Amino acid sequence: MHKVSFQPAGATIRVAAGKTVLEAATAAGVAIDAVCGGRGTCGKCRVIASGALEAPTHLERRGLAVDDLARGYRLACQAVVRGDVVVTVPEESRVTEVRILSEGGLQEAAHDPWVRRHTLTVPAPSLEEQASDLERLARAWRAAYGVALPPLGVR
């Protein structure tokens, strides 16, 4: 078991070799932003790590600048623990506290939709009144609303 310490949180945990820094952080209760779920594609879990870690993966070499790698930057989801490690979680990689709106959200709002549903009964066709479906619809609309049927063309 290897010791992984997180700064500035001050948390320390022991993990087995082969665990990632992100897995250690999660176990220690240190929240690191990893929106890709630890697949190494978002680059949000950048940390500064020193100690016994495996060499940077191809995803880290592709996602981090050479000078950042030289300064100890790693992707927490890709950096694999091989011994004792000290990890500094920069501000931009920390998960900030989520606050739910608790006041000022209840306001009366007028409900006036642009579209309304109307039920219209159209007489069935018969042998005595042999009008087309469109003509029967236009008559029923005019009788119900007192205006001509709006255009039904498709654009």
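Tyr145 is partly exposed, with a relative accessible area of 33%; buried here means under 20% relative accessible area, exposed over 50%, and partly exposed in between (1.4 Å probe, protein chains only). This is a predicted model, in which local features need pLDDT of at least 70 and side-chain atom pairs count only at pLDDT 80 or more, whereas totals for chains, interfaces and linings use all residues. Residues are numbered from 1 along each chain as its sequence is written, and side-chain values use heavy atoms, with hydrogens and water left out.

- A search of the whole structure finds 1 aromatic pair, and its members are Trp141 and Tyr145, which are tilted at 50° between the planes and 4.6 Å centre to centre.
- Rings of Phe, Tyr and Trp (its six-membered ring) pair if their centres lie within 6.5 Å; planes under 30 degrees apart count as stacked, over 60 as edge-to-face and the rest as tilted.
- Trp141 and Tyr145 are 4 residues apart in helix H4 and are therefore separated by about one helical turn.
- An α-helix has 3.6 residues a turn, so residues three or four places apart point the same way.
- Trp141 is partly exposed, at a relative accessible area of 21%.
- Helix H4 covers residues 133-145, and its 13 residues should span 18 Å at 1.5 Å a residue, which agrees with the 18 Å between its end C-alpha atoms; the expected span is 1.5 Å times one less than the number of residues.
- Helices (H or I, at least four residues) and strands (E, at least two) are DSSP runs, numbered from the N terminus.
- The buried residues of H4 are Arg136, Ala138 and Ala140.

**Salt bridges**

- The structure holds 9 salt bridges, each being a side-chain nitrogen of Lys or Arg within 4 Å of a carboxyl oxygen of Asp or Glu.
- Arg82 forms a salt bridge with Glu54, in which the closest N and O atoms are 2.2 Å apart.
- Because Arg82 lies in strand S5 (residues 81-88) and Glu54 in the loop between strand S3 (46-53) and helix H2 (58-63), the pair ties together parts that are 28 residues apart in sequence.
- Arg82 is partly exposed at 42% relative accessibility, and Glu54 is partly exposed at 32%.
- Arg139 and Glu129 meet through their side chains in a salt bridge of 2.8 Å, N to O.
- Arg139 lies in helix H4 and Glu129 in the loop between S5 and H4, so this pair ties together parts that are 10 residues apart in sequence.
- Arg139 has a relative accessible area of 36% and is partly exposed; Glu129, at 39%, is also partly exposed.
- Within helix H4, the side chains of Arg136 and Asp133 meet in a salt bridge of 2.0 Å, N to O.
- Arg136 and Asp133 are 3 residues apart and are therefore separated by about one helical turn.
- Arg136 is buried, with a relative accessible area of 9%, whereas Asp133 is exposed at 54%.

**Cysteines**

- The count of disulfides comes to 0, a disulfide being a pair of cysteine sulfur atoms within 2.5 Å.
- The sulfur of Cys42 has its closest cysteine sulfur in Cys36, at 3.6 Å, which is too far for a bond.
- Cys42 is partly exposed at 28% relative accessibility.
- For Cys45, the closest cysteine sulfur belongs to Cys77 and lies 3.6 Å away, too far for a bond.
- Cys45 is buried at 2% relative accessibility.

- Ser5 is found in strand S1 (residues 2-7) and counts as buried at 11% relative accessibility.
- Not counting residues up to four places away in sequence, Ser5 touches Ala11, Thr12, Val85, Val86 and Val87; contact means heavy atoms within 4.5 Å.
- The side chains of Ser5 and Thr12 are joined by a polar contact of 3.3 Å.
- A polar contact is a pair of N or O atoms within 3.5 Å; within protein, one must be able to donate a hydrogen and the other to accept it, and residues adjacent in sequence count only if both atoms are side-chain atoms.
- Ser93 is found in the loop between S5 and H4 and is buried, with a relative accessible area of 1%.
- A polar atom of the Ser93 side chain lies 2.5 Å from the backbone oxygen of Arg46.
- Leaving aside neighbours within four places in sequence, Ser93 is in contact with Ala31, Ile32, Asp33, Lys44, Cys45 and Arg46.
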